[in-house]
Amino acid sequence: MLTIGIESSAHTFGVGIVSKGKVLANEKLMYDVGTRGMIPSKVAETHVKNAKTVIRMALEKAGVDMREIEGVGYTRGPGIGACLQVGQLAAKTIASGLGVRIVPVNHAVAHAEITKHEAGFKDPVTLYVSGGNSQLLKLSKGPERRYQILGETFDIGVGNMLDAFAREIKLKPAWGSTVAKLAAKGHYIPMPYTVKGMDFAFTGLLTYASSLAGKERNEDLCYSIQETSFAMLCEATERALLLTNSDELTVCGGVAQSSRLREMLAGMCKEHGMRFGFAANEFNADNGGMIAYVAERMLNSGVSAALDRCDIEQRYRIDKAVVY
Ligand code: FE2
């Protein structure tokens, strides 16, 4: 079966094509956040403009014709409403045009599941770190499996925090990855550190680091905000692994592309004799491949939705989605 997956929860319009668990194409075009961040209506307009092109790119990459597609998946949430709607409508248009089954997918489940698949792990604790989300997850046992949230951010996602700081000190492009580049040449300044059990918070750290803008070297601020936030994530993750008697850890989501975060998590796992894994960066960034991957598994399990039940849910929490 060939399944197409459409992702549009934030700045990326992504289209993936999967057959028997193998990702044949994973194409995308992105909205340029510039220095102002994401303006939902502008991002959605960009997705509308890009949709047809990205779908064509994915079909060409996979070497298949649209008429061969037998299943459709799309991101139901979480994400930005206007952006989610573009992917939802594109997916419904494809499914109704071809007369094939369609299934809504939870974006966070897709990140966690494609990463588990890529790492070859069975039952890991998953640290999901992206712009909008930062959560510690573990799949429940039993016939109806869901990701349980062991811990999460009390305020904003670590990715949004780093992106916001990049804008605050006027870095270009204003991404956490630009913060990481400057951090390589920095020295540590003590900063607020907030971990409560397996939960954590980032706005205090962002406010403090921003208050030092112009007073301390940007390199030192970048190094310190990154080290502090990643150390917080490591502490909470270590606690989650030990409390759940787990011996496997995966990291997924946009911030999982950070080599420094991976290094810190790998070091912690090594100390405990635990296995650590992650997926290729194309699956940590927002992408349609992971949506197609989960959609195919859902469709193979007999799960699909009537077209008029294919909605979006901006706050679609991972623990509300059944995993197949
Ligand atoms: Fe994502």
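Keep in mind that the model is predicted. The chain is assigned two domains: domain 1 covers 2–109 + 283–320, and domain 2 covers 122–281. Their centres, taken over C-alpha atoms, sit 26 Å apart, and about 1,500 Å² is buried between them.

**How the two domains meet**

- Domain 1 puts 18 residues into the contact, and domain 2 puts in 22 residues.
- Of the area buried between domain 1 and domain 2, 57% is on carbon and sulfur atoms.
- Polar pairing shows up here too, with 10 residue pairs in polar contact across the interface of domain 1 and domain 2.
- On the side of domain 1 that touches domain 2, the elements giving two or more residues are α3 (107–119) and α9 (281–284).
- Of these, α3 gives the most, with 3 residues.
- Sorted by class, that side of domain 1 has 8 nonpolar, 6 polar and 4 charged residues.
- As for salt bridges, the count between domain 1 and domain 2 is 1.
- E152 and R317 also pair up through their side chains in a salt bridge, at 3.0 Å from N to O.

**A buried asparagine: N287**

- Look for N287 in the loop between α9 and α10 (288–300).
- Is N287 buried or exposed? N287 is buried, because its relative accessible area is 2%, below the 20% cut-off.
- The N287 side chain has two backbone nitrogens to look at: that of G289, reached at 3.1 Å, and that of M290, which lies 2.8 Å from a polar atom of the side chain.
- Leaving aside residues up to four places away in sequence, N287 touches E7, N26, H111 and E282.

**Salt bridges across the structure**

- Searching the whole structure turns up 17 salt bridges.
- One of them joins D311 and R76, whose closest N and O atoms are 2.7 Å apart.
- D311 sits in the loop between α10 and β13 (322–323), while R76 is in strand β4 (residues 71–77), so this pair ties together parts that are 235 residues apart in sequence.
- R239 and E235 make another salt bridge through their side chains, at 2.7 Å from N to O.
- Why are R239 and E235 separated by about one helical turn? Because they are 4 residues apart in helix α7 (residues 218–243).
- R239 is partly exposed, with 31% relative accessible area, and E235 is partly exposed too, with 24%.
- E219 and R217 form a salt bridge as well, with the closest N and O atoms 3.9 Å apart.
- E219 counts as partly exposed at 22% relative accessibility, and R217 is partly exposed at 40%.
- There's also a network of salt bridges, linking E113, K116 and R297.

- As background, most residues other than glycine have a negative phi, and most peptide bonds are trans.
- Which residues does a cis peptide bond with omega of about -5° join? That bond joins G77 and P78, and P78 falls in the loop between β4 and α2 (81–98).
- The peptide bond from K172 to P173 is cis as well, with omega near -10°.
- P173 belongs to the loop between α4 (158–168) and α5 (176–183).
- K170 is in the loop between α4 and α5 too, and has a positive phi of about 60° despite not being a glycine.
- K170 is exposed, with a relative accessible area of 69%.
- N245 is another non-glycine with a positive phi, here about 55°.
- You'll find N245 in the loop between α7 and β11 (248–252), where this residue is exposed at 73% relative accessible area.

Notes:
Residues are numbered from 1 along each chain as its sequence is written. This is a predicted model: local features need pLDDT of at least 70, side-chain atom pairs count only at pLDDT 80 or more; totals for chains, interfaces and linings use all residues. Side-chain values use heavy atoms; hydrogens and water are left out. Domain bounds come from an automatic or database domain assignment. Contact means heavy atoms within 4.5 Å. Buried area is the accessible area (1.4 Å probe) that two parts lose on being put together, summed over both. A salt bridge is a side-chain nitrogen of Lys or Arg within 4 Å of a carboxyl oxygen of Asp or Glu. A polar contact is a pair of N or O atoms within 3.5 Å; within protein, one must be able to donate a hydrogen and the other to accept it, and residues adjacent in sequence count only if both atoms are side-chain atoms. Ala, Val, Leu, Ile, Met, Phe, Trp, Tyr, Cys and Pro count as nonpolar, Asp, Glu, Lys and Arg as charged, and the others, Gly among them, as polar. Buried means under 20% relative accessible area, exposed over 50%, partly exposed in between (1.4 Å probe, protein chains only).
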